[in-house]
Structures are given as structure tokens and as C-alpha cells.
Amino acid sequence: MPRSMRIQNAFLSMFAYVLFAVMVFPYLIMLIVSLKSKAEVYPPTFFPVNWTFSNFADIWHMVPLADYLLNTVVIAGGATALALICAIPAAYVLARMKFKGKQMYLYLIMITQMFSPIVLLVGLFREMHWLGLMDSVWGLVLTNAAFNQAFAVWILSGYFSTIPYELEQAAWLDGCTKWQALRRITLPLAVPGIMTTVIFVFIAAWNEFAVALTFISTETSKPLTVGIYAFFGMYDVQWQYVFATSLVAIVPVVILFLSIEKYLISGLTAGGVKH
């Protein structure tokens with residue numbers, strides 16, 4: 001290997017390690033602070049003198065953390081499922097049909113993602129009140145599914161466009177209906193795109209805060225993003241419990257990501273093709 005190539009590889013490796021360290025450092029700080037006692041948080045010391053592993057047990061008793069976690073799983077999982085149910089047929093039609101203004105329509109879909117949920121809070125509040133879904137996790141399921149619908153349609157339509165239409169036509173000649181061809185041929189081939197959509201929609205719904213804070217008032221109906229504020233007092237913040245709860249909240253997302261990350265790169269790459 002030429003010397004210049006070895007130097008370049010060494011530089012890239014060093015840059016990758018530095019980047020990894022920068023990304024992991026905040027989580028390391030969270031872990032260290034979560035293992036401190038309240039007396040050691042202020043003034044701050046990097047490592048705790050007395051490692052307080054009981055913080056991770058205490059948070060389950062100090063607040064209804066099990067309810068927060070269950071609510072968040074229901075909201076994120078329900079919003080993801082609902083978004084996919086609506087986005088898959090819409091994306092398939094956009095990928096297969098040709099009509100005037102199609103590209104502009106796709107751009108308009110993406111423009112809707114530029115609006116912050118805060119801009120729509122008043123209208124959403126009135127709508128959820130009219131539907132009787134205030135202070136309900138199902139109202140958050142509908143809202144999060146709607147907010148992430150445009151992104152899901154965009155990613156999936158891009159991926160469906162990469163699947164040769166001739167495969168479906170061959171299935172028709174073999175006696176499949178259009179629905180059977182979609183279910184047996186197209187959807188299995190679109191799994192990477194679907195998994196990419198799943199993880200992005202799930203994480204977006206998992207981390208949503210503003211709408212949940214506005215809609216939910218009952219303590220046991222709150223998701224994690226809102227419930228964690230129980231550790232924020234008027235004059236003090238229990239950072240050791242905040243970080244311990246935050247680490248617990250990260251675990252389900254990490255598990256989901258690790259279970260489907262092999263589909264992520266191919267799904268993102270295919271979703272960037274020209275429609």
C-alpha cells in the first residue's frame with residue numbers, strides 16, 4: 001500500500017475515533033451523574049465518591065415511571081403503525097402513477113414537514129377536544145402519525161420507485177391480482193425502506209414533547225418526555241434522577257435501532273432517488 005494511502009487511512013481512522021468519542025461523551029456524562037448522590041452533583045465532581053446505583057431503582061418509585069414508559073411505547077408504536085398503514089398505499093401509488101404535477105405534489109408533501117407542531121397547537125387543541133381525545137394517549141397517537149405521514153410517504157415512494165415494475169407485471173401474468181403482487185413481490189422487496197421509515201417515525205414520536213405537554217394533564221397518562229419533568233422543582237433539579245430516567249428512556253430506541261440497522265443504509269440510499 002502506498003505511503004500516502006496509509007497516511008490517509010490513519011487520518012480517517014483517527015477522525016472516526018475522535019468523532020465517536022465526541023458523540024459518546026454526553027452519554028458518559030449522563031451515566032456518571034446518574035450514579036452520583038444529590039450531594040455530589042453540586043459542586044460537580046467528575047467521578048462520584050460513593051457510587052449510587054440505587055438511583056436507577058429509586059426512579060421507579062418516586063414517579064410512575066412504568067406508566068410513562070408504557071404510554072410512550074403505545075404512542076410511538078401506535079403512531080408508527082398508523083403512519084405506515086396510510087403511507088404504504090399512498091407511496092405505492094405515487095411511485096407507480098404518472099400524472100402532471102407529480103413532482104410538485106411531492107415537494108408540497110415535504111413542505112408540510114417544515115411547520116413546527118407549536119404553530120398548529122391551538123387548532124390541534126380544539127380538534128382533540130372536539131374528538132374527545134384530550135388527556136388521552138390515543139390523541140397523541142393520531143397527532144404523531146399525522147406529523148410524520150409526509151416523511152413516511154416521501155421515503156417509501158422513493159424506495160418503491162427503485163423496485164422494477166416488470167416484477168409485478170410478471171406476477172400478473174402468473175395469475176396474481178394487483179393486491180397479491182403488491183403483498184408477495186413488492187412489499188418483501190421494500191422491507192429496507194419500510195424499516196428505515198419505522199425507525200425515523202418511531203424516534204420522532206418517542207421524542208415528541210410540545211404536543212404531549214399541551215394535551216396530557218393526568219400524571220399516569222404522560223409520556224416519558226413530559227413525565228421526566230417531575231424531577232424539576234421550583235428551586236432545584238434532581239439531575240441524578242433526570243439522567244437515570246433519560247438513560248432508561250434511551251434503551252428501547254437503541255434496541256429498536258440495533259435490531260433493524262442493517263436495513264437503514266440501503267433504505268436511506270434508495271429513498272434518495274429521483275421520482
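## Helices α5 and α7

α5 and α7 are oblique to each other, since angles from 65 to 115 degrees count as roughly perpendicular and those over 145 as roughly antiparallel, and the axes of this pair cross at roughly 140°. The model is a predicted one. The axes of α5, residues 102-111, and α7 come within 8 Å, and the crossing is left-handed.

On the α5 side the contact involves Leu106, Tyr107, Ile109 and Met110. These residues meet Ala150, Val153, Trp154 and Ser157 of α7. By class, the contact of α5 with α7 comprises 7 nonpolar residues, 1 polar residue and no charged residues.

## Overall architecture

The protein chain contains 14 helices and 0 strands. The C-alpha trace of the chain spans about 75 × 70 × 35 Å along its principal axes.

## Helix α13 and its partners

The axes of α1 and α13 come within 8 Å and cross at roughly 125°. The two helices are therefore oblique to each other, and their crossing is left-handed. From α1, the residues in contact are Tyr27, Met30, Leu31, Val33 and Ser34. Their counterparts in α13 are Trp239, Gln240, Phe243, Ala244, Ser246, Leu247 and Ile250. The contact of α1 with α13 has 9 nonpolar and 3 polar residues, and no charged ones.

Helix α3, which covers residues 55-62, packs against α13 at an angle of about 90°, with the axes 9 Å apart. α3 and α13 are therefore roughly perpendicular to each other. Asn55, Phe56, Asp58, Ile59, Trp60 and Met62 make the contact from α3. From α13 the contact is made by Gln240, Tyr241, Ala244, Thr245, Leu247 and Val248. Sorted by class, the contact of α3 with α13 has 8 nonpolar, 3 polar and 1 charged residues.

## The largest pocket

The largest pocket holds about 670 Å³ of space. Its lining consists of 18 residues, and Tyr27, Asn207, Ile250, Val253 and Val254 lie nearest the centre.

At least two lining residues come from each of α1 (3-34), α10 (191-207), α12 (224-227) and α13 (239-260). The most is given by α13, with 8 residues. By class, the lining of the largest pocket has 14 nonpolar and 4 polar residues, with no charged ones.

## The second largest pocket

About 230 Å³ of space lies in the second largest pocket. It is lined by 13 residues, of which Thr112, Gln113, Phe115, Phe147 and Asn148 are the closest to its centre.

Helix α7, residues 137-162, supplies the largest share of this lining, 6 residues. The lining of the second largest pocket divides into 7 nonpolar residues, 5 polar residues and 1 charged residue.

Definitions and conventions:
Residues are numbered from 1 along each chain as its sequence is written. This is a predicted model: local features need pLDDT of at least 70, side-chain atom pairs count only at pLDDT 80 or more; totals for chains, interfaces and linings use all residues. Side-chain values use heavy atoms; hydrogens and water are left out. On a 1 Å grid over the protein atoms alone, a cavity is a set of points where a 1.4 Å probe fits but cannot get out, and a pocket is an open set with protein on both sides within 12 Å along at least five of seven lines; lining residues have an atom within 4 Å of a point. Grid points are joined across faces, edges and corners, and a volume is the space filled by probe spheres set on the points. Helices (H or I, at least four residues) and strands (E, at least two) are DSSP runs, numbered from the N terminus. Ala, Val, Leu, Ile, Met, Phe, Trp, Tyr, Cys and Pro count as nonpolar, Asp, Glu, Lys and Arg as charged, and the others, Gly among them, as polar. Axes are lines fitted to C-alpha atoms, for helices over the stretch in contact, and angles run from 0 to 180 degrees between N-to-C directions. Angles under 35 degrees count as roughly parallel, over 145 as roughly antiparallel, 65 to 115 as roughly perpendicular and the rest as oblique. A crossing is left-handed if the near helix is turned anticlockwise from the far one by less than a right angle, and right-handed if clockwise. Contact means heavy atoms within 4.5 Å.
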